[in-house]
Structure formats: structure tokens, C-alpha cells
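Try each task before reading its solution.

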Amino acid sequence: MKRSIKKVAVLGSGIMGSRIASHFANIGVEALLLDIVPRELTDAEKAKGLTLESPAVRNRIVNSAFQSTLKAKPASLYTKNFAERITLGNFDDNMKDIAGCDWVIEVVVENLDIKKKVFDQVEQYRTPGTLVSSNTSGIPIHLMLEGRSDDFKKHFSGTHFFNPPRYLELLEIIPTPSSDPEMIDFLMEYGDKYLGKTTVLCKDTPAFIANRVGIFGIMKVLDTMQKLGMNVDEVDKLTGPVIGRPKSATFRTSDVVGLDTLIKVANNLYAGLENDESKELFKLPEVVGKLEANKWLGDKTGQGFYKKTKDAKGKTEILTLDLETLEYKPKQRIKFATLEMTKPIDDLKERFKVLLSGKDKAGEFYRDSFYGLFQYVSNRIPEIADELYKIDDALRAGFGWQLGPFQTWDAVNVAKTVAKMEEAGYKPNQWVYDMLESGAESFYKVEDGQRKYYDIPSKSYKSIAGTEGMIILDNLRKSNVVWSNSGSTIFDLGDGVLGLEFHTKMNTLGGEVVEGIHKAITLAEESYLGLVIGNQGAQFSAGANLGMVFMYAIEQEYDELNFMIKHFQDTMMRVRYSSVPVVVAPHGLTLGGGCEMTLHADKVQAAAETYIGLVEVGVGLIPGGGGTKELTKRVADSFAAGDVELNDLQNAFMNIATAKVATSAYEAFDMNILRRGDAVSVNKHRQIADAKAAVLKLAAEGYTKPIMDQKIKVQGKTGLALVAAGVNGMRMGNYISDHDVKIANKIAWVMCGGDLSYPQEVSEQYLLDLEREAFLSLCAEPKTLERIQSILNGGKPLRN
């Protein structure tokens, strides 16, 4: 059966329901969001003379919940106007409308009886063949089918989204014995290709995969912490970014999510697990019970493992809970010799080798907690999953781990670790020994550019289902590298397409990356169809490397600085004016020079989560790599007659002058950074493959080298006067400094074409020259040098 999803119904408008509806709206699907009808009036409603039959009253719960979602940060919608795709209603009046929906998702409270009552209504109104699923995180899926029709059973499954659905990649799909296999295949593919999820097929076991193993991981950390007599600050230092986990680590995550959530899941697991050898570990420590009794549940109650307060001078201070005394104390600065040894190691896999071999308390902590984790996941196969990669996928996508348990085990050498685990009392499952005896040395290996996993029943390596169409650059490093230097690598992506990756710190654009861009374009022009510029690091690029700018400016080597900026401008223009199509694939932070590179692409294949903008004002400069020129050109291009409307010029000016950063790829369209013809990849793991397909399409359509624009309409004095009025008003109101006025006037000077007496047409090169002159003049400003030095000392990316 050919199936498509044009409209979904989400039943339950709480935190998860509203956000699930929002994410469907993000991908262009209409959503019907319903909730219960209130049973009594509020005082405010009584004062207005409303009754229980008034529409505003009947939809009060859903309206209130959705408004809270719209105000919440981080935003659930890619852009605010996507809210128009969501229709609000209530169960009593609007349940009949689910007849026109292709998928009905239940997201009401975690109570089986309530869910069954909702499904009674769904059964009454749904169209046969419609998908139905539950977003439960803990109730066994099969228990919801009692009394349901055969068609309902056939089209029912669990679909467990993780909160917040826009940002967390995991979608667990849980079939029942009655689920139609074709329907499950559809959900797996739809979640991946359209919702942008890592879809993991789960068994109907307690807490499924991610929460089962993730909560075990937290409980094991608590266990190891108690064994070694460690404190909250020490554990959070050891369980955050240093091991490829979120900054919030263990206890800060608990405060953000809510300790009550952890308690609920752990208690449910303790009660529901029958054949789990580690069941007793899910029994909460006494101190957690005390926190629950005190209502110290985290951010929602004002304090948890951490507490925000103010010192005698009114300065905000973070205090940490002492778990022995239950008193809050100043946060400690934690140092471990093992952590110091890992500072120069960027490769997480290499770092793990050092962490688990540490001779201090940190090393003891890592060995005990990870050996316990390795043992646990080995024992969960085949209980919760038949294939080991599903456990890794679930933890990476649902908990934000860079490496899953089996990937981590591979990093520290499976065979050597097994011997050490035995010594420590954490003997793994027999299938691990069988694997090693078969000659297989790792859980994963790369063959022909594809990562394969060890399949336990067949004792062989198999391809991971659903990844065939993806391009993962790490899998190409041993076989497809064409050229590389210290900051960039050129890959052969196949089918006549090259890929340029840069891998400097924060992917900043320095000399080695610029060299890589020129080399990649030269190679592509000689022997290939086109080029993709993209990477799979945490960020696309935090912008140009400011170190060289600062060095030349402080030494007043303005000729060298001019040459460097001219070379960078020429590089961006080469991206635009090469003889082969160049597709840029930005994601994450795409700031300053990274944004300028994107602006000059033949086509952009952006990840949905792309945070892009020209932020040079933050260090007292203007965009000097063609960014100011390009936004000026785009304002002129947007009007067929060539007449630039001053308010559009002003909007473009404000985007640069306020260092505005788009909070999604779709918002970048609103800012004219992305244009008609550019595309968005909702699943970031498919982005490079999508970009490659875009190159091939441009080449097949007969791509020809563009011609530099000689007729860009600029406003001259008319535009300068408009901008000056606004800038002077902001200065008089003390909203900006004198230095900010200088920067704003420089931006205006470039965008208006200088002090021209009347609107006229100029060339791209003319604007580039103005841009470079303005950039250089600001490099001589002491305030600019102070700002650059501050950024360099702090090691922080430019953000508004």
C-alpha cells in the first residue's frame, strides 16, 4: 500500500503533545492538536460571563498548553509562522475530525485506563487503515490493544519521541505481535527521511532501549560514586563533554529534566524488571528519597543537586549539594591528573583509552562505571534488541552520547577490556567471548565506506539497515581521501563528486582551510563533475580565524592584512564563479566566514538545525569576505525592475549591524541568507548525500559558470541618510556606543555604494573593494582590537 502523511492528529497537548505537533508542522504536515474539555470555569471566565459551552472555555486547556509551547525556549518550531499549520480543538467536539487524519498519535498521561478510554474514541472515529500509535515511555504497548478491532491492532504501534522532539533525534518504534510489518517499515523510513529521526526498532520490554540503558547508566554512576566517596562536582566533571556527553553531565541533567522523572522511571523499572541481573541497582539510594521528600527536584522547584543564589554583592552564584550533609556549598574547581592528560587529545576514541587507564580516582571511576555498563549492555541482547547497533543508536540519539556503549568498548579494545572486566567482577555475556573466539575483534568495522556491525547469530558482520544511502565521512577516511592538509580533507564521494571537509578547532577558516578550498575546486574543475563543501563536526564553522587578523593588526602590518582579506574574498568568489557546481552544506553554528561561504554557493543544502548569520560586528568589524557585498546584491536582485526598496535595504543592514543569527534553516530563508532553490535536510545524517545529489542534478542540467554581476543597484546618499537617522537615534538613546556607530556607518557605506550622489549600478568588485577598505579601517581601531583579544582569550565563538 502506498502511504503518505498529510495530516496527523495529536491527542494530548501537554509538553510532549504540543511539541510533537510542532515538529510535524516543521516538516510541512498539518496537525490537529486536541485535549480534554475543562469541567469547571476559572474565576476569570466567570467574570467574563462565559459558560462551560463557550468555545474559549472548551478549548482552554489546549490553547493554554500550545501558547506555553510557543513561548518556550528553545523554540519547538523552526519559524513562528509554522504555527499556522496546527489546528487546536478538544476531544468532545473535534475527535470526529481525526477521520481526515493519516496518523493519530496518543500523548495523554501515563495511565493505562485513561489511554484505553481515548482509544475507545479513536476507534469510533478513525478511518480504517489510519496509523495509530502511543507515545508512552513505559507502559507495555501490547496492554493497550485489549478490546480493539483487528484493523486497529494491525495499524497500531508505540512511537516514543524524546523531549524536545525538534532537537533530540531518537524515535523508538515499538511493534506488537499484531502490527503489520509493512506499516512498521513505513514508520521506520518516515521517521528517518521526513521527521529527521534516528529510528530504532525496539522490543516491547520495560522502558524500551534508550531509557532502560540510559537510566542504568545514571544508576551505575550513583553506585560508583558512593563506592569511591565522590561528590556531585567531581562526578559532573567526569561525565560531561570529556566523555562525549552533554555539558549538563549527570546531576545538572537531573535538575533540568526533574529528579521526579528519574525517580518515576527508576521505580517503574525496579518494579517491572523480572529477569534483570542488575535489578537491585535500580533501587534508588536513600539520599534521592530525601531530596524527593524535601521537594528538591531541580529547576522546577528552584533547587536540586544545584541551587542558584546570589552572594553578598548580588552576584549570581551556583551552589552544589553535599550529599552527606544535605547542605549547599560553593561549587568546587575539580582537577584530576587523568583529565589533564586528555586535554591535548581531540579524538574521543583516543581519549577513552587514557581515561580508562588512569591511575587516580578518575580512572577508578571510569573503569567501574564503564565496565558495569559494558556488562549490562552485553546481557541485554537479545532481551531488548537483537542487534547491538540499536543500543548504540538509541543512546546517541536519545541521550546525546557521542559514542554508544559498544562503540566505546571498541575504542578501548574489546579483548583487553574483557580480561580487565573479569578481574573487576564484571564478566560480560558469553556471546562476547564467542565473538572473540570467532576471530572478530570489534563490534564494528568499516568495509567499502560502510560501517558494519557484528551480527551475533551468524557470527559475521552485516550492514546497518537504513544507512545505505548515507555518506559518513569517517567511513571514507581509509579509502577515499584524495588530498589533505592539517585543516582540511578532500574526499571522493563517488559518481564524480568531490567533498571538502575542514576540521580545525570549531572549524574556523584559516590558511589551511582556504588552501583546501582552492585545491578542491581546482581538482573538481580538472576531473570531476562538482564539489560539496561540508563536514560532520559539531559545527559547520564558527567563522574566520581571528588570530592572524589580530596579529597583523596589532603589528600594524596593514599591507599583509589587506592581502589576507583580499585572498579570502577571492576564495569566496571562486566558490561562486568556478566552472563546476559547488554545493555548501552548513549545519549547527555557521557564523561569519562560514556564513559568507554559504552565501556564495551555487546551491545550499542546509541542515534544518543551522544557526547562521554574519556576526563580525561582535568583534568590532564588518563582514569582509563578501558577506556585506552579497546581502547588498541580494536586496538588488530581489526586485525584477532593479529598484531597491529602502526598507528591504534597512532590513539587510540590521541583520548585519545586530549580528542576527537565524535559529533554523527556515529562518535563514526569511533573512535572505538562503534563497529559492536552496534546500533543507531535516535528517543531518543524510545531508552530505543530499548535497551530493544536488551537485549531480546541477551538473546534469548543464551547469555553466556564472558571470560576475556588473549591475548591482545601490542607493548612495539616499540610503546613507536613511541609515544615519536610525543610527543616530539609537546613539542618542544610549542603545549603542560611539564605536558601534562607526561600525554601523561602515556597513552602510558599503551597502549604499559609498557617497554616490544618486542611486546607480555598481559591480561586485566595486563593493568588495569598499568592503575590504572598511574592514581594514576598523582593524586600526583600539576598541576592535580589544574585542578581538577578548574573544581569543576566552576561546569563544562569535555570537550575538
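**Exercise 1.** Into how many nonpolar, polar and charged residues does the lining of the largest cavity divide?

*Solution.* A note on the source: this is a predicted model, where local features need pLDDT of at least 70, side-chain atom pairs count only at pLDDT 80 or more, and totals for chains, interfaces and linings use all residues. Residues are numbered from 1 along each chain as its sequence is written, and side-chain values use heavy atoms, leaving out hydrogens and water.

Step 1: list the lining, which consists of Gly-613, Leu-614, Leu-631, Asn-655, Ile-656, Lys-660, Met-671 and Ile-673. A cavity is a set of points on a 1 Å grid where a 1.4 Å probe fits but cannot get out, and lining residues have an atom within 4 Å of a point.

Step 2: sort them, with Ala, Val, Leu, Ile, Met, Phe, Trp, Tyr, Cys and Pro as nonpolar, Asp, Glu, Lys and Arg as charged, and the others, Gly among them, as polar. The lining has five nonpolar residues, two polar and one charged.

**Exercise 2.** Describe how α26 and α29 cross.

*Solution.* Step 1: locate α26 at residues 646–657 and α29 at residues 717–732; their axes come within 11 Å and cross at roughly 55°.

Step 3: find the contact (heavy atoms within 4.5 Å). Leu-646, Leu-649, Gln-650 and Phe-653 of α26 meet Thr-718, Gly-719, Leu-722, Val-723 and Val-727 of α29. Six of these contact residues are nonpolar, three polar and none charged.

Terms used. Axes are lines fitted to C-alpha atoms, for helices over the stretch in contact, and angles run from 0 to 180 degrees between N-to-C directions. Helices (H or I, at least four residues) and strands (E, at least two) are DSSP runs, numbered from the N terminus. On a 1 Å grid over the protein atoms alone, a cavity is a set of points where a 1.4 Å probe fits but cannot get out, and a pocket is an open set with protein on both sides within 12 Å along at least five of seven lines; lining residues have an atom within 4 Å of a point.
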